[in-house]
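Subject: Structure handover

Hello,

Please find the structure below. My notes follow it.

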Amino acid sequence: MTALAQLPIDTSYPQPATVRLGVAGEIDLATAPVLRDKLLTLLRDQTPAVLIVDLAGVAFLDCAGIGALVGVRNAAGEAGCELRVTDPQPFVRRVLEASGLLGILTASTDQPRRIRPRSKYPSGTRSAAAIAAEPPSVVAAA
C-alpha cells in the first residue's frame, strides 16, 4: 500500500481565499512527506489567505508529522498565508500540547498579516519546498 493510499486527503474550498484539507489516518514517517507535499502544492498553486488542515480523522501523529506541519506553517508564513490546524483528536491534541504547538497551530492570528509581494521572491530563489525543508523556526508567544 502506498503512503498516499494510507493517508486519505480531501480538499475543499469553504470560503473565498480559504482552502481546507481534511486528513484521515496516521501521519507518521511514511505519510508525513505526502501531507507536506500536498500542502505545499496547495500553497503554491492556490495561494490561499488561509490554509486549514482538519485533523478530525487523524488518529496518530508522530514527530515526522509535526515536522511537516511546522515546515508548511513556516512556508505559509513566508507566503503571507495563515496555516491553521483544526479538530485534533484526543491523542493528536496531547501530542501537540506536549510539543508546545497546540496553541500555535490551532489559533487564528488576530493581527493582520503583512502580505509580501511575489516579486520579492523571484522564481528559483526560495521555493516553498526549500522553506519547508529548513529547520522549524516557530516562535511561541509568552
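Predicted model: local features only at pLDDT ≥ 70, side-chain atom pairs only at ≥ 80, totals over all residues.

Residues are numbered from 1 along each chain as its sequence is written, and side-chain values use heavy atoms, without hydrogens and water.

The largest nonpolar core has 34 residues; such a core is a set of buried Ala, Val, Leu, Ile, Met, Phe, Trp, Tyr and Cys residues joined through side-chain atoms within 4.5 Å. Buried means under 20% relative accessible area, with a 1.4 Å probe and protein chains only. Val23, Ile27, Leu55 and Leu69 have the most contacts inside this core. Elements that each supply at least two of its residues include helix H2 (32-46) and strand E3 (50-61); helices (H or I, at least four residues) and strands (E, at least two) are DSSP runs, numbered from the N terminus.

Leaving aside neighbours within four places in sequence, Leu69 is in contact (heavy atoms within 4.5 Å) with Leu35, Leu39, Val53, Leu55, Leu61, Leu83, Val85 and Leu105.

In H2, the buried residues include Leu35 and Leu39. Just after H2, Thr47 takes a positive phi of about 40 degrees.

Val53 is in strand E3 and is buried, with a relative accessible area of 0%. Its C-alpha lies 9.6 Å from that of Pro88, 35 residues away in sequence.

Glu82 belongs to strand E4 (residues 82-86) and is buried at 5% relative accessible area.

Regards

Terms used
Buried < 20%, exposed > 50% of the residue type's maximum accessible area, 1.4 Å probe, protein only.
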